[in-house]
Amino acid sequence: MTSTFPNISISTERLVLRPLDEDDVPALAEMMNDEQVAAWTDVPQPFTEDGARTWITEYAPAEREAGRGLDLAVTEFLTQRLVGVVQLGRTNWHIRSTELSYIIAPWARGEGYASEAALATAQWLFGDQKFERIELRTAADNTASQQVAQKIGCISEGVLRNACIAHVRADDGTWTDVRTDFIVWSLLPEDLEGAAEQLTDTSGFTSYADWN
């Protein structure tokens, strides 16, 4: 039987991480059309509201139900504004390992939201879900993402040469693929020691049904 992640809400001092909802469609589409998102991810450009709705209603539920991963909206606790997305993917339930990635909206950058959301997700994975390894992959030139990995305690394990496709905008406005390296990072439960005060305790984790 395939293991799956539960529908979950994770609360921090400033954020609520919850399942994506159709009300997120306009903000999600706007966020995914940002230049930095286009440069460092494989999100189709331009990213339409229909694409956002398909992600929310079809792709994300299918990934969770199949046990492959989990997609969470990152929202501000006070305003409920969508400020980002955290994704878990390539999940291996036998070795209790998953890959974590994050996208922060341009209107919310510089606030530390990526590291706060990633730390909270990691604590939930290690504590509630009994995972033993989280992996992150950052493009060689994506210094902002690398800073988040370092901030949450990740250890750099090496470089996957020529394994990443980034994107640059050409003079005519179109996007061109460019090959670059992936830096591989890992996070183990013991790497979070000393970071607990930055996160909510386990009482901050509630089922989405209860939270909603």
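The legends below describe the whole chain and then several close-up views of a predicted model.

View 1. Helices (H or I, at least four residues) and strands (E, at least two) are DSSP runs, numbered from the N terminus. Along its principal axes, the C-alpha trace spans about 50 × 40 × 40 Å. Residues are numbered from 1 along each chain as its sequence is written, and side-chain values use heavy atoms, with hydrogens and water left out. Because this is a predicted model, local features need pLDDT of at least 70 and side-chain atom pairs count only at pLDDT 80 or more, whereas totals for chains, interfaces and linings use all residues.

**View 2. The crossing of helix α1 (residues 25–32) and helix α3 (residues 49–65).** The axes of these helices, which are lines fitted to C-alpha atoms over the stretch in contact, come within 8 Å and cross at roughly 115°, with angles running from 0 to 180 degrees between N-to-C directions. Helices α1 and α3 are therefore roughly perpendicular to each other (65 to 115 degrees). In α1, Val25, Pro26, Leu28, Ala29 and Met32 meet Glu49, Ala52, Arg53, Trp55 and Ile56 in α3, where contact means heavy atoms within 4.5 Å. The residues of this contact divide into eight nonpolar, no polar and two charged; Ala, Val, Leu, Ile, Met, Phe, Trp, Tyr, Cys and Pro count as nonpolar, Asp, Glu, Lys and Arg as charged, and the others, Gly among them, as polar.

**View 3. Strand β8 (residues 175–187) and its pairing with strand β6 (residues 133–139).** Strands β6 and β8 pair in the antiparallel sense over six bridges, where pairing requires that DSSP finds at least two bridges between two strands. Within this pair, Arg137 stands opposite Val184 in β8.

**View 4. The hairpin of β7 and β8.** Eleven bridges join strand β7 (residues 155–169) to β8, and the two run antiparallel, with Val159 opposite Ile183 in β8. Five residues lie between the strands of the hairpin, in which Gly173 takes a positive phi near 90°.

**View 5. Backbone geometry at Pro46 and Arg90.** A cis peptide bond, with omega about -5°, joins Gln45 and Pro46, and Pro46 lies in the loop between α2 (35–40) and α3. Arg90, found in strand β4 (residues 82–92), has a positive phi of about 50° although it is not a glycine.

Terms used: Parallel < 35°, antiparallel > 145°, perpendicular 65-115°, else oblique.
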